[in-house]
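Hi there,

Here is the structure I promised to pass on. Have a look, and then read on for what turned up in it.

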Amino acid sequence: MIMKALNYKSILKGYFVFSLYMTTIVFLFVFMWICLIATIRYEGSKLEENSALLDNLFSMQNSASARMDTLYNYLTLINFNRNINNKIILSIVNTKTSLFLNDFSKMDEKDIFLYRNLAVSINKILQTKDSIRIGAIQNDLIKNDLQRCITADKYAVQKRSREMTKQMKL
């Protein structure tokens, strides 16, 4: 016969409670480990999304800065040298500014507020320069017409005076 301890039932009960607690702790540990891994994956995916969004925004802002620098360089060429055709430069700047403003529609307003205001200001400057250029052309046309009219009047007066002197002699 096997000898049993006097408190055999309480020892068995203790082992059973111990194994029940141990099993519960292991299942709780596994459950918490699975939750931790799921949380890490979720947070990682959210960070990747935000990182991609911020990278895209950063690249668009860098592109906007580079375009603004290009526009500024073109604007400095206007009236800088007589060998450079100002009409072509104005046309290029106007086209680039329009494309620039169209690309702004893809971005959030608060992200490109400064660039949009700068592009609108450039458009206003170009419109003013174009108005001045058109005014100067119209001024030159009116001046030429006036010169032509003055010359025609001189010839008409001279012709009329010759005709009158001829009539007086007759």
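Which residues are exposed on the other side of α2? They are Lys87 and Asn102, where exposed means over 50% relative accessible area, buried under 20% and partly exposed in between, with a 1.4 Å probe and protein chains only.

Before the rest, some ground rules. This is a predicted model, in which local features need pLDDT of at least 70 and side-chain atom pairs count only at pLDDT 80 or more, while totals for chains, interfaces and linings use all residues. Residues are numbered from 1 along each chain as its sequence is written, and side-chain values use heavy atoms, with hydrogens and water left out.

Helices here are DSSP runs (H or I, at least four residues), numbered from the N terminus. In α2, the buried residues are Asn86, Ile89, Leu90, Val93, Thr97, Phe100 and Phe104. They cover an arc of only 95 degrees around the axis, which puts them on the same side of α2; the arc is taken from the directions from the helix axis to the C-beta atoms. These buried residues pack against α1 (8–77) and α3 (113–169).

Leaving aside neighbours within four places in sequence, asparagine 123 is in contact (heavy atoms within 4.5 Å) with Asn94, Thr97 and Leu101.

As for α1 and α3, their axes are 11 Å apart, at an angle of about 20 degrees. The two helices are therefore roughly parallel, a label for angles under 35 degrees.

Happy exploring!

Terms used. Axes are lines fitted to C-alpha atoms, for helices over the stretch in contact, and angles run from 0 to 180 degrees between N-to-C directions. Angles under 35 degrees count as roughly parallel, over 145 as roughly antiparallel, 65 to 115 as roughly perpendicular and the rest as oblique.
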